Amino acid sequence: MTTDPGSEPQADDARLRRLMVDLGRRLWERQLVAANDGNLSARLRDGTILCTPTEVSKAMLTEEMLCVVTGSGEVVDAGTGQGPSSEILMHLRVYRVDPTVGAVVHTHPPYATAFAIRGEALHGDLMTETLLTLPEVPVAPFATPGTEELPDAVAPLIAHHRACLLESHGAVSWGPTLTDAYLTMERLEALARTTAALRMLGGERRMSADRIAHLRNRLARN
């Protein structure tokens, strides 16, 4: 990796392109995407959206392949690939609903997708990290990918969450920077894996209301 995701100049075009390529490979290496699955996008300084191209493995991305679209989806730069994925419609809806969002990541992580297929939300009150950073991952109802149905399904969940499952499809996360959105996706899949492992051991053991209140009070003081 040539880019440190810990320090991200969100609107710097050249460095953001390098970061997007790096994080695309990380998604593939961590098996959060397979084949040509998934897509990433991030807002540039001028308000346009940098995004990954359609039908390209995230392990094989190059900076030149990346596309640029307007907030309404008009292609400004198709890159050297085949242009943006039709799922850019979902990304654009997230940006419109919440102007503080700077990036969106969509993947098909195996454990999270299994819960999405079941139509079952994930809950973070199992451990301190997810309680404070990802307390709930709701499920957007089934919608046809590449159509306005998908952004319509996700839209009601954007304001009060940082990620959701897509029924029978996968997961999507968003945040102020591309790094934030990527790390939320990692955390989401880890939560799904932990939940599945707990069920193999007999079921979840959720935190008590008193413990949750204590942890949240400590966070507020910090």
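Helices (H or I, at least four residues) and strands (E, at least two) are DSSP runs, numbered from the N terminus. The structure described here is a predicted model, in which local features need pLDDT of at least 70 and side-chain atom pairs count only at pLDDT 80 or more, while totals for chains, interfaces and linings use all residues. Residues are numbered from 1 along each chain as its sequence is written, and side-chain values use heavy atoms, with hydrogens and water left out.

**Confidence**

The pLDDT, the predictor's confidence in each residue on a scale from 0 to 100, averages 92 for the protein, and 93% of the residues score at least 70. Over residues 1-7 the pLDDT is below 50, and this stretch has 14 contacts in the model beyond near neighbours in sequence. Contact means heavy atoms within 4.5 Å.

**Nonpolar cores**

A nonpolar core is a set of buried Ala, Val, Leu, Ile, Met, Phe, Trp, Tyr and Cys residues joined through side-chain atoms within 4.5 Å. Buried means under 20% relative accessible area, exposed over 50%, and partly exposed in between (1.4 Å probe, protein chains only). In soluble globular proteins, nonpolar side chains tend to be buried together.

The largest nonpolar core has 38 residues, of which Leu 122, Leu 165, Leu 178 and Leu 188 touch the most other members. At least two residues of this core are supplied by each of α1 (13-29), β1 (39-43), β5 (103-107), α3 (110-118), β9 (163-166) and α6 (178-200). The largest share, 8 residues, comes from α6. A second, separate core of 22 residues includes Leu 92, Ala 140, Ala 153 and Val 154.

Which residues does Leu 122 contact, leaving aside its neighbours within four places in sequence? Its partners are Phe 115, Glu 136, Val 137, Leu 165, Leu 188, Leu 191, Ala 192 and Thr 195.

**Helix packing**

Axes are lines fitted to C-alpha atoms, for helices over the stretch in contact, and angles run from 0 to 180 degrees between N-to-C directions. The axes of α1 and α6 are 11 Å apart, and the two helices pack at an angle of about 5°. On the α1 side the contact is made by Leu 16, Leu 19, Met 20, Leu 23, Arg 26 and Leu 27, and on the α6 side by Leu 178, Thr 179 and Tyr 182.

Helix α2 (residues 88-97) and helix α5 (residues 149-158) have axes that come within 9 Å and cross at roughly 30°. That makes α2 roughly parallel to α5. Residues of α2 in this contact include Leu 89, Met 90 and Val 94, and those of α5 include Leu 150, Val 154 and Ile 158. Since 7 of the 10 residues of α2 are buried, this helix is largely enclosed by the rest of the structure. The buried residues are Ile 88, Met 90, His 91, Leu 92, Arg 93, Val 94 and Tyr 95.

**Residues with positive phi**

Most residues other than glycine have a negative phi, and most peptide bonds are trans. Ala 35 and Ser 168 have positive values. Ala 35 lies in the loop between α1 and β1, and Ser 168 in the loop between β9 and β10 (170-175).

| Residue | Phi | Relative accessible area |
|---|---|---|
| Ala 35 | near 50° | 54%, exposed |
| Ser 168 | near 55° | 44%, partly exposed |

Key:
Angles under 35 degrees count as roughly parallel, over 145 as roughly antiparallel, 65 to 115 as roughly perpendicular and the rest as oblique.
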